[in-house]
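Me: I would like to learn how to read a protein fold feature by feature. Can we take one example and go through it?

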Amino acid sequence: MARWCLAAFAFALCTPALGRQQQQRGGDALFRGSRGAAASGAGVCKGSAADPWNYMDGGFSWNAGECCMGGGQSPVNLTAVVGDESPLNAKIFYGYPALYQPVSMLNDGHMLSVELGPHAGGFAVGSLYPDILTSRWRVWKIAIHVPSEHTFQGVRAPLELQLFHRRKSNKRENPAPGDVAVVSVGYTYGGRRSKLLDSLKKGGLPLEPGSRQESTQELDFSEFFGPGLMGSGGGDRSGKFWQYEGSLTAPPCSRGVQWVVRHDALPASPDSLEAFKEAIAALTPVAQAEVGNARKLQSACGRTLTLRSTSDVTPQMQLEPRAEDGGFQTAVAEALAEQKKFAAAMGPEPPKLYKECLDRLARAATDLGVAKSHQHNTCKAGAEAQAKLKTVQPGLSRVRVVEQYKGNMAKCETASAVIASLAKELSGGKARCASLKGEKPKAKDEQPMSGSVSGALSALDPSGLLR
(Lines give C-alpha, C1' and ligand atoms only; values in the text may rest on other atoms or scores of the structure.)
Protein backbone atom coordinates (compact mmCIF):
# COMPACT_ATOMS: atom_id res chain seq x y z
CA MET A 1 0.00 0.00 0.00
CA ALA A 2 2.81 2.37 0.89
CA ARG A 3 4.42 1.78 -2.49
CA TRP A 4 1.19 2.70 -4.33
CA CYS A 5 0.79 5.87 -2.25
CA LEU A 6 4.37 6.91 -2.96
CA ALA A 7 3.87 6.28 -6.67
CA ALA A 8 0.66 8.36 -6.70
CA PHE A 9 2.43 11.18 -4.84
CA ALA A 10 5.32 11.04 -7.31
CA PHE A 11 2.91 11.10 -10.27
CA ALA A 12 1.24 14.23 -8.94
CA LEU A 13 4.47 16.11 -8.37
CA CYS A 14 7.05 14.76 -10.78
CA THR A 15 6.35 16.94 -13.83
CA PRO A 16 6.38 20.30 -12.02
CA ALA A 17 9.35 19.25 -9.91
CA LEU A 18 11.27 18.21 -12.96
CA GLY A 19 10.50 21.55 -14.56
CA ARG A 20 11.76 23.48 -11.49
CA GLN A 21 14.99 21.46 -11.41
CA GLN A 22 15.55 22.16 -15.07
CA GLN A 23 14.87 25.90 -14.66
CA GLN A 24 17.35 26.08 -11.80
CA ARG A 25 20.01 24.55 -14.00
CA GLY A 26 18.94 26.44 -17.11
CA GLY A 27 21.85 28.90 -16.94
CA ASP A 28 24.43 26.19 -17.53
CA ALA A 29 25.90 26.90 -20.97
CA LEU A 30 28.63 24.30 -20.97
CA PHE A 31 27.17 22.39 -23.93
CA ARG A 32 26.70 23.27 -27.56
CA GLY A 33 23.17 23.95 -28.78
CA SER A 34 20.14 25.37 -27.02
CA ARG A 35 17.25 23.27 -25.81
CA GLY A 36 14.80 26.17 -25.85
CA ALA A 37 11.33 24.73 -25.45
CA ALA A 38 12.88 21.37 -24.76
CA ALA A 39 13.76 22.57 -21.26
CA SER A 40 10.24 21.67 -20.20
CA GLY A 41 11.12 18.03 -20.76
CA ALA A 42 8.63 17.66 -23.63
CA GLY A 43 10.35 19.41 -26.53
CA VAL A 44 12.31 18.27 -29.56
CA CYS A 45 16.08 17.95 -29.57
CA LYS A 46 17.69 20.40 -31.98
CA GLY A 47 21.29 19.28 -31.72
CA SER A 48 23.29 16.82 -33.77
CA ALA A 49 24.56 13.40 -32.81
CA ALA A 50 28.04 14.76 -33.58
CA ASP A 51 27.78 17.42 -30.86
CA PRO A 52 30.17 16.85 -27.92
CA TRP A 53 28.62 15.86 -24.62
CA ASN A 54 29.62 15.06 -21.06
CA TYR A 55 28.13 14.63 -17.59
CA MET A 56 28.80 18.20 -16.46
CA ASP A 57 25.16 18.77 -15.44
CA GLY A 58 24.06 15.14 -15.38
CA GLY A 59 22.80 15.22 -18.95
CA PHE A 60 20.34 18.10 -18.62
CA SER A 61 21.91 19.92 -21.58
CA TRP A 62 22.05 16.93 -23.93
CA ASN A 63 20.45 18.08 -27.14
CA ALA A 64 20.57 15.10 -29.49
CA GLY A 65 18.43 12.13 -30.39
CA GLU A 66 15.59 11.64 -27.89
CA CYS A 67 17.38 13.09 -24.86
CA CYS A 68 14.98 16.07 -24.75
CA MET A 69 11.76 14.11 -25.18
CA GLY A 70 10.86 13.93 -21.47
CA GLY A 71 8.81 10.75 -21.12
CA GLY A 72 10.12 7.21 -21.33
CA GLN A 73 13.69 8.10 -20.33
CA SER A 74 16.15 6.34 -18.01
CA PRO A 75 17.38 6.13 -15.30
CA VAL A 76 14.54 6.42 -12.76
CA ASN A 77 14.05 6.24 -9.03
CA LEU A 78 12.57 2.75 -8.82
CA THR A 79 10.87 3.40 -5.47
CA ALA A 80 8.74 6.12 -7.11
CA VAL A 81 7.26 3.76 -9.71
CA VAL A 82 4.14 1.62 -9.47
CA GLY A 83 5.26 -2.00 -8.97
CA ASP A 84 3.56 -5.25 -9.94
CA GLU A 85 4.85 -7.74 -7.37
CA SER A 86 2.60 -10.68 -8.27
CA PRO A 87 4.24 -14.11 -7.70
CA LEU A 88 2.59 -15.20 -10.97
CA ASN A 89 4.81 -12.89 -13.03
CA ALA A 90 7.05 -14.48 -15.66
CA LYS A 91 10.53 -15.40 -14.41
CA ILE A 92 14.02 -14.52 -15.59
CA PHE A 93 15.95 -17.61 -16.70
CA TYR A 94 19.65 -16.77 -16.78
CA GLY A 95 22.70 -18.57 -18.09
CA TYR A 96 26.14 -16.97 -17.80
CA PRO A 97 29.03 -19.48 -17.84
CA ALA A 98 32.25 -18.42 -16.16
CA LEU A 99 34.43 -16.89 -18.89
CA TYR A 100 38.16 -17.41 -19.11
CA GLN A 101 39.19 -14.92 -21.79
CA PRO A 102 41.29 -11.86 -22.58
CA VAL A 103 39.57 -8.74 -21.25
CA SER A 104 40.00 -5.46 -23.12
CA MET A 105 38.56 -2.58 -21.10
CA LEU A 106 38.04 0.65 -23.06
CA ASN A 107 38.00 4.18 -21.70
CA ASP A 108 35.99 6.04 -24.37
CA GLY A 109 36.08 9.38 -22.55
CA HIS A 110 32.59 8.88 -21.08
CA MET A 111 32.66 5.48 -19.40
CA LEU A 112 34.54 2.21 -19.00
CA SER A 113 33.29 -0.68 -21.12
CA VAL A 114 34.21 -4.25 -22.05
CA GLU A 115 33.02 -6.08 -25.15
CA LEU A 116 32.34 -9.79 -24.65
CA GLY A 117 32.61 -12.77 -26.98
CA PRO A 118 29.68 -14.51 -28.69
CA HIS A 119 29.33 -17.24 -26.04
CA ALA A 120 29.12 -15.13 -22.87
CA GLY A 121 25.54 -16.14 -22.06
CA GLY A 122 22.30 -14.27 -21.60
CA PHE A 123 18.79 -14.55 -20.21
CA ALA A 124 15.21 -15.26 -21.18
CA VAL A 125 11.84 -14.19 -19.81
CA GLY A 126 8.91 -16.59 -19.54
CA SER A 127 7.07 -19.10 -17.38
CA LEU A 128 8.86 -22.33 -18.40
CA TYR A 129 12.35 -22.79 -19.84
CA PRO A 130 12.88 -23.41 -22.73
CA ASP A 131 9.31 -24.08 -23.88
CA ILE A 132 7.28 -21.02 -22.83
CA LEU A 133 9.30 -17.83 -23.29
CA THR A 134 8.36 -14.30 -24.35
CA SER A 135 11.88 -13.02 -25.13
CA ARG A 136 15.48 -14.19 -25.27
CA TRP A 137 18.65 -12.08 -25.01
CA ARG A 138 22.42 -12.49 -25.51
CA VAL A 139 24.96 -10.33 -23.66
CA TRP A 140 27.52 -8.41 -25.69
CA LYS A 141 29.12 -5.72 -23.50
CA ILE A 142 29.63 -4.29 -20.01
CA ALA A 143 29.34 -0.59 -19.10
CA ILE A 144 30.35 0.92 -15.76
CA HIS A 145 28.93 4.07 -14.13
CA VAL A 146 30.04 5.85 -10.95
CA PRO A 147 27.88 6.55 -9.00
CA SER A 148 24.93 4.37 -9.97
CA GLU A 149 22.37 5.77 -12.39
CA HIS A 150 19.36 3.91 -10.95
CA THR A 151 18.44 3.85 -7.28
CA PHE A 152 18.58 0.71 -5.16
CA GLN A 153 16.02 0.69 -2.37
CA GLY A 154 15.72 4.46 -2.86
CA VAL A 155 19.45 5.26 -2.74
CA ARG A 156 22.10 5.71 -5.41
CA ALA A 157 24.92 3.20 -4.96
CA PRO A 158 28.65 3.97 -5.43
CA LEU A 159 28.76 1.98 -8.70
CA GLU A 160 26.40 0.48 -11.28
CA LEU A 161 27.45 -2.29 -13.64
CA GLN A 162 25.27 -2.68 -16.75
CA LEU A 163 25.21 -5.77 -18.97
CA PHE A 164 23.96 -4.89 -22.46
CA HIS A 165 22.10 -7.62 -24.35
CA ARG A 166 20.84 -8.00 -27.90
CA ARG A 167 17.63 -9.84 -28.70
CA LYS A 168 18.79 -13.35 -29.58
CA SER A 169 17.46 -13.09 -33.15
CA ASN A 170 19.35 -9.82 -33.74
CA LYS A 171 22.90 -10.14 -35.10
CA ARG A 172 23.57 -6.42 -35.69
CA GLU A 173 26.59 -4.78 -34.11
CA ASN A 174 24.43 -1.80 -33.05
CA PRO A 175 20.89 -3.12 -32.55
CA ALA A 176 17.82 -0.90 -32.50
CA PRO A 177 16.71 0.12 -28.96
CA GLY A 178 13.72 -2.23 -29.16
CA ASP A 179 16.21 -5.09 -29.47
CA VAL A 180 18.28 -4.04 -26.44
CA ALA A 181 17.91 -5.17 -22.83
CA VAL A 182 20.18 -4.10 -19.96
CA VAL A 183 20.66 -6.12 -16.78
CA SER A 184 21.78 -3.63 -14.16
CA VAL A 185 23.24 -4.18 -10.69
CA GLY A 186 24.39 -1.68 -8.10
CA TYR A 187 27.40 -2.17 -5.82
CA THR A 188 27.90 -0.64 -2.39
CA TYR A 189 30.33 -0.92 0.52
CA GLY A 190 29.71 -4.26 2.20
CA GLY A 191 31.05 -7.16 4.17
CA ARG A 192 32.39 -9.23 1.30
CA ARG A 193 34.29 -8.75 -1.93
CA SER A 194 32.85 -8.83 -5.43
CA LYS A 195 34.69 -11.45 -7.43
CA LEU A 196 33.51 -9.83 -10.66
CA LEU A 197 34.70 -6.31 -9.83
CA ASP A 198 38.00 -7.70 -8.53
CA SER A 199 38.51 -9.53 -11.84
CA LEU A 200 37.66 -6.47 -13.93
CA LYS A 201 40.12 -4.22 -12.10
CA LYS A 202 42.91 -6.79 -11.93
CA GLY A 203 45.81 -5.60 -14.04
CA GLY A 204 44.74 -1.96 -13.77
CA LEU A 205 42.07 0.26 -15.30
CA PRO A 206 42.49 2.54 -18.37
CA LEU A 207 42.81 6.17 -17.25
CA GLU A 208 43.32 8.02 -20.54
CA PRO A 209 40.41 8.62 -22.96
CA GLY A 210 40.77 6.29 -25.91
CA SER A 211 43.08 3.91 -24.03
CA ARG A 212 42.59 0.21 -23.33
CA GLN A 213 43.81 -2.06 -20.58
CA GLU A 214 44.38 -5.66 -21.64
CA SER A 215 44.40 -8.62 -19.26
CA THR A 216 43.24 -12.22 -19.07
CA GLN A 217 40.70 -12.79 -16.32
CA GLU A 218 37.83 -14.99 -15.22
CA LEU A 219 34.47 -13.21 -15.49
CA ASP A 220 31.62 -14.78 -13.54
CA PHE A 221 28.27 -12.97 -13.55
CA SER A 222 26.55 -15.47 -11.26
CA GLU A 223 26.93 -13.11 -8.27
CA PHE A 224 24.33 -10.85 -9.93
CA PHE A 225 21.69 -13.36 -8.92
CA GLY A 226 22.91 -14.36 -5.46
CA PRO A 227 22.20 -12.92 -2.00
CA GLY A 228 22.72 -9.22 -1.34
CA LEU A 229 24.03 -7.50 1.77
CA MET A 230 21.45 -9.07 4.08
CA GLY A 231 20.16 -11.85 1.82
CA SER A 232 17.28 -11.32 -0.59
CA GLY A 233 14.55 -11.74 1.98
CA GLY A 234 13.27 -14.81 0.19
CA GLY A 235 13.61 -18.46 1.04
CA ASP A 236 15.95 -19.13 -1.86
CA ARG A 237 18.17 -16.12 -0.99
CA SER A 238 18.36 -15.21 -4.68
CA GLY A 239 18.11 -11.68 -6.02
CA LYS A 240 14.96 -10.36 -7.65
CA PHE A 241 14.77 -7.83 -10.47
CA TRP A 242 12.50 -5.00 -11.53
CA GLN A 243 11.80 -4.79 -15.27
CA TYR A 244 10.58 -1.64 -17.02
CA GLU A 245 10.78 0.00 -20.44
CA GLY A 246 13.05 3.02 -20.67
CA SER A 247 15.88 4.44 -22.77
CA LEU A 248 19.62 4.46 -23.25
CA THR A 249 21.18 6.62 -20.52
CA ALA A 250 23.62 8.35 -22.88
CA PRO A 251 23.05 10.19 -26.18
CA PRO A 252 21.06 9.54 -28.33
CA CYS A 253 18.89 8.37 -25.34
CA SER A 254 16.81 6.17 -27.66
CA ARG A 255 13.63 4.82 -26.07
CA GLY A 256 12.30 1.27 -26.13
CA VAL A 257 15.11 -0.35 -24.10
CA GLN A 258 14.15 -3.06 -21.60
CA TRP A 259 15.76 -2.46 -18.20
CA VAL A 260 16.14 -5.32 -15.72
CA VAL A 261 17.41 -3.79 -12.47
CA ARG A 262 18.24 -5.74 -9.31
CA HIS A 263 16.06 -4.65 -6.38
CA ASP A 264 19.00 -4.26 -3.95
CA ALA A 265 22.68 -3.43 -4.25
CA LEU A 266 25.42 -6.04 -3.93
CA PRO A 267 28.40 -5.72 -1.59
CA ALA A 268 31.92 -4.95 -2.78
CA SER A 269 35.21 -4.12 -1.09
CA PRO A 270 36.19 -0.46 -0.58
CA ASP A 271 39.40 -0.85 -2.59
CA SER A 272 37.51 -2.11 -5.67
CA LEU A 273 34.92 0.66 -5.52
CA GLU A 274 37.61 3.30 -5.00
CA ALA A 275 39.64 1.96 -7.94
CA PHE A 276 36.70 2.43 -10.30
CA LYS A 277 35.92 5.85 -8.82
CA GLU A 278 39.50 6.96 -9.47
CA ALA A 279 39.27 5.73 -13.07
CA ILE A 280 36.01 7.64 -13.63
CA ALA A 281 37.55 10.70 -11.92
CA ALA A 282 40.29 10.63 -14.55
CA LEU A 283 37.72 11.16 -17.31
CA THR A 284 35.57 13.66 -15.36
CA PRO A 285 36.00 17.28 -16.58
CA VAL A 286 37.82 19.51 -14.08
CA ALA A 287 34.91 21.96 -14.03
CA GLN A 288 32.43 19.23 -13.09
CA ALA A 289 31.29 19.68 -9.49
CA GLU A 290 31.09 15.99 -8.61
CA VAL A 291 33.08 13.02 -9.90
CA GLY A 292 30.93 10.71 -11.95
CA ASN A 293 29.38 9.62 -15.24
CA ALA A 294 25.78 9.10 -14.16
CA ARG A 295 22.77 10.71 -15.84
CA LYS A 296 20.32 12.56 -13.60
CA LEU A 297 17.17 10.70 -12.58
CA GLN A 298 14.36 11.10 -15.11
CA SER A 299 10.64 11.50 -14.63
CA ALA A 300 8.96 8.36 -13.27
CA CYS A 301 5.48 9.46 -14.31
CA GLY A 302 3.37 6.78 -15.97
CA ARG A 303 5.95 4.03 -15.45
CA THR A 304 5.17 0.48 -14.36
CA LEU A 305 7.61 -2.00 -12.82
CA THR A 306 7.31 -5.77 -12.91
CA LEU A 307 9.09 -7.77 -10.21
CA ARG A 308 10.64 -10.99 -11.51
CA SER A 309 12.26 -13.88 -9.67
CA THR A 310 15.18 -15.73 -11.22
CA SER A 311 16.25 -19.27 -12.10
CA ASP A 312 19.69 -20.53 -13.17
CA VAL A 313 19.60 -22.47 -16.47
CA THR A 314 23.28 -22.16 -17.36
CA PRO A 315 23.81 -25.89 -18.14
CA GLN A 316 20.78 -25.99 -20.46
CA MET A 317 21.78 -22.79 -22.27
CA GLN A 318 25.29 -24.09 -22.86
CA LEU A 319 23.94 -27.15 -24.65
CA GLU A 320 21.90 -25.08 -27.11
CA PRO A 321 23.27 -24.27 -30.60
CA ARG A 322 25.86 -21.54 -30.22
CA ALA A 323 25.82 -18.11 -31.76
CA GLU A 324 27.68 -17.77 -35.02
CA ASP A 325 31.43 -17.44 -34.72
CA GLY A 326 33.42 -16.18 -37.70
CA GLY A 327 36.35 -18.58 -37.38
CA PHE A 328 34.10 -21.54 -36.69
CA GLN A 329 31.84 -20.75 -39.65
CA THR A 330 34.87 -20.43 -41.94
CA ALA A 331 36.13 -23.83 -40.82
CA VAL A 332 32.73 -25.36 -41.43
CA ALA A 333 32.54 -23.81 -44.92
CA GLU A 334 35.97 -25.27 -45.78
CA ALA A 335 34.87 -28.66 -44.51
CA LEU A 336 31.72 -28.57 -46.63
CA ALA A 337 33.68 -27.57 -49.72
CA GLU A 338 36.10 -30.45 -49.17
CA GLN A 339 33.17 -32.79 -48.60
CA LYS A 340 31.70 -31.83 -51.97
CA LYS A 341 35.03 -32.51 -53.71
CA PHE A 342 35.27 -35.85 -51.99
CA ALA A 343 31.67 -36.70 -52.90
CA ALA A 344 32.36 -35.87 -56.54
CA ALA A 345 35.34 -38.24 -56.54
CA MET A 346 33.19 -40.97 -55.00
CA GLY A 347 30.44 -40.70 -57.57
CA PRO A 348 26.84 -40.84 -56.31
CA GLU A 349 25.97 -38.52 -53.42
CA PRO A 350 25.84 -40.25 -50.02
CA PRO A 351 22.34 -40.98 -48.71
CA LYS A 352 20.54 -38.03 -47.09
CA LEU A 353 20.12 -39.89 -43.80
CA TYR A 354 23.87 -40.46 -43.63
CA LYS A 355 24.59 -36.74 -43.96
CA GLU A 356 21.99 -35.92 -41.33
CA CYS A 357 23.61 -38.48 -39.05
CA LEU A 358 27.02 -36.84 -39.51
CA ASP A 359 25.54 -33.41 -38.76
CA ARG A 360 24.00 -34.75 -35.57
CA LEU A 361 27.32 -36.27 -34.52
CA ALA A 362 29.09 -32.95 -35.12
CA ARG A 363 26.55 -31.09 -32.99
CA ALA A 364 26.83 -33.67 -30.23
CA ALA A 365 30.63 -33.39 -30.29
CA THR A 366 30.44 -29.59 -29.98
CA ASP A 367 27.92 -29.86 -27.13
CA LEU A 368 30.19 -32.36 -25.39
CA GLY A 369 33.10 -29.92 -25.50
CA VAL A 370 30.94 -27.16 -23.99
CA ALA A 371 29.63 -29.50 -21.29
CA LYS A 372 33.16 -30.57 -20.34
CA SER A 373 34.24 -26.94 -20.03
CA HIS A 374 31.25 -26.17 -17.80
CA GLN A 375 31.92 -29.28 -15.71
CA HIS A 376 35.54 -28.25 -15.20
CA ASN A 377 34.59 -24.74 -14.10
CA THR A 378 31.78 -25.72 -11.71
CA CYS A 379 33.59 -28.72 -10.18
CA LYS A 380 36.68 -26.56 -9.64
CA ALA A 381 34.58 -23.87 -7.95
CA GLY A 382 32.96 -26.53 -5.75
CA ALA A 383 36.34 -27.94 -4.73
CA GLU A 384 37.60 -24.45 -3.87
CA ALA A 385 34.53 -23.80 -1.70
CA GLN A 386 35.01 -27.16 0.03
CA ALA A 387 38.64 -26.32 0.80
CA LYS A 388 37.56 -22.91 2.15
CA LEU A 389 35.16 -24.61 4.56
CA LYS A 390 38.16 -25.98 6.45
CA THR A 391 39.31 -22.49 7.39
CA VAL A 392 36.17 -20.34 7.65
CA GLN A 393 34.73 -19.80 11.12
CA PRO A 394 31.10 -20.61 12.07
CA GLY A 395 28.64 -17.85 11.31
CA LEU A 396 27.18 -16.03 8.31
CA SER A 397 30.40 -16.35 6.29
CA ARG A 398 30.36 -20.13 6.68
CA VAL A 399 26.68 -20.27 5.65
CA ARG A 400 27.56 -18.42 2.44
CA VAL A 401 30.47 -20.74 1.65
CA VAL A 402 28.24 -23.77 2.24
CA GLU A 403 25.70 -22.31 -0.21
CA GLN A 404 28.42 -21.75 -2.79
CA TYR A 405 29.67 -25.31 -2.33
CA LYS A 406 26.22 -26.87 -2.66
CA GLY A 407 25.29 -24.74 -5.67
CA ASN A 408 28.48 -25.46 -7.60
CA MET A 409 28.44 -29.18 -6.81
CA ALA A 410 24.83 -29.41 -8.03
CA LYS A 411 25.90 -27.78 -11.30
CA CYS A 412 28.92 -30.10 -11.45
CA GLU A 413 26.69 -33.17 -11.12
CA THR A 414 24.30 -31.88 -13.79
CA ALA A 415 27.17 -31.28 -16.22
CA SER A 416 28.56 -34.76 -15.51
CA ALA A 417 25.20 -36.35 -16.34
CA VAL A 418 25.01 -34.36 -19.57
CA ILE A 419 28.53 -35.47 -20.52
CA ALA A 420 27.67 -39.14 -19.94
CA SER A 421 24.56 -38.80 -22.12
CA LEU A 422 26.40 -37.08 -24.97
CA ALA A 423 29.29 -39.55 -24.86
CA LYS A 424 26.80 -42.41 -25.13
CA GLU A 425 25.09 -40.70 -28.05
CA LEU A 426 28.40 -40.27 -29.87
CA SER A 427 29.50 -43.84 -29.22
CA GLY A 428 26.35 -45.35 -30.67
CA GLY A 429 26.00 -42.66 -33.32
CA LYS A 430 29.22 -43.53 -35.12
CA ALA A 431 28.04 -47.08 -35.68
CA ARG A 432 24.65 -45.88 -36.92
CA CYS A 433 26.24 -43.44 -39.35
CA ALA A 434 28.53 -46.18 -40.71
CA SER A 435 25.51 -48.38 -41.40
CA LEU A 436 23.78 -45.55 -43.27
CA LYS A 437 26.81 -44.67 -45.39
CA GLY A 438 26.25 -47.42 -47.94
CA GLU A 439 29.08 -48.67 -50.16
CA LYS A 440 32.48 -47.51 -49.01
CA PRO A 441 34.76 -46.02 -51.74
CA LYS A 442 37.73 -48.08 -52.87
CA ALA A 443 41.08 -47.33 -51.28
CA LYS A 444 42.52 -45.89 -54.51
CA ASP A 445 39.69 -43.39 -54.66
CA GLU A 446 40.22 -42.15 -51.12
CA GLN A 447 42.08 -38.87 -50.73
CA PRO A 448 44.02 -37.56 -47.73
CA MET A 449 42.37 -34.83 -45.72
CA SER A 450 43.83 -31.36 -46.19
CA GLY A 451 45.24 -29.40 -43.28
CA SER A 452 42.41 -26.86 -43.41
CA VAL A 453 39.78 -29.59 -43.22
CA SER A 454 41.65 -31.25 -40.37
CA GLY A 455 41.38 -27.95 -38.54
CA ALA A 456 37.70 -27.71 -39.42
CA LEU A 457 37.12 -31.19 -38.01
CA SER A 458 38.92 -30.13 -34.86
CA ALA A 459 36.53 -27.19 -34.58
CA LEU A 460 33.54 -29.47 -35.14
CA ASP A 461 34.81 -32.13 -32.74
CA PRO A 462 36.96 -30.68 -29.95
CA SER A 463 36.82 -33.94 -28.02
CA GLY A 464 38.24 -36.01 -30.90
CA LEU A 465 35.45 -38.58 -30.68
CA LEU A 466 34.71 -38.38 -34.40
CA ARG A 467 38.29 -39.06 -35.45
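Me: What percentage of the 467 residues of the protein chain count as buried?

Reply: Keep in mind that this is a predicted model. Of the 467 residues in the chain, 45% count as buried. The chain exposes about 23,100 Å², and carbon and sulfur atoms supply 55% of that area.

Me: How many helices and strands does the protein chain have?

Reply: Eight helices and 16 strands. Next, look at contacts along the sequence. Among contacts between residues at least 6 apart, 75% join residues at least 24 apart.

Me: Now the sheets. Which strands does E6 pair with, and in what sense?

Reply: Start with the general idea. Side chains in a regular strand alternate between the two faces of the sheet. Now the case here. Strand E6 covers residues 132-145 and pairs with strand E4, residues 112-115, in the antiparallel sense over four bridges. Strand E5, residues 122-128, also runs antiparallel to E6, with six bridges. Eight bridges join E6 to strand E9, residues 159-167, again antiparallel.

Me: Which residues stand opposite each other in these pairs?

Reply: Take one example from each. Glu115 has Lys141 in E6 as its bridge partner. Val125 stands opposite Ser135 in E6. Arg138 stands opposite Arg166 in E9.

Me: How many residues does the hairpin between E5 and E6 pass through?

Reply: Three residues join E5 to E6 in that hairpin.

Me: Let us zoom in on one residue. Is Ser194 buried or exposed?

Reply: The cut-off for buried is under 20% relative accessible area. Ser194 has a relative accessible area of 1%, so Ser194 is buried. Ser194 lies in the loop between strand E10 (180-189) and helix H2 (195-201).

Me: What is Ser194 in contact with, beyond its neighbours within four places in sequence?

Reply: Tyr187, Glu223, Pro267, Ala268 and Ser269. Ser194 and Phe224 are 30 residues apart in sequence, yet 9.8 Å apart in space, C-alpha to C-alpha.

Key. Residues are numbered from 1 along each chain as its sequence is written. This is a predicted model: local features need pLDDT of at least 70, side-chain atom pairs count only at pLDDT 80 or more; totals for chains, interfaces and linings use all residues. Side-chain values use heavy atoms; hydrogens and water are left out. Two strands pair if DSSP finds at least two bridges between them. Helices (H or I, at least four residues) and strands (E, at least two) are DSSP runs, numbered from the N terminus. Buried means under 20% relative accessible area, exposed over 50%, partly exposed in between (1.4 Å probe, protein chains only). Contact means heavy atoms within 4.5 Å. Accessible areas come from the Shrake-Rupley method with a 1.4 Å probe; for residues, only the protein chains shown count as cover.
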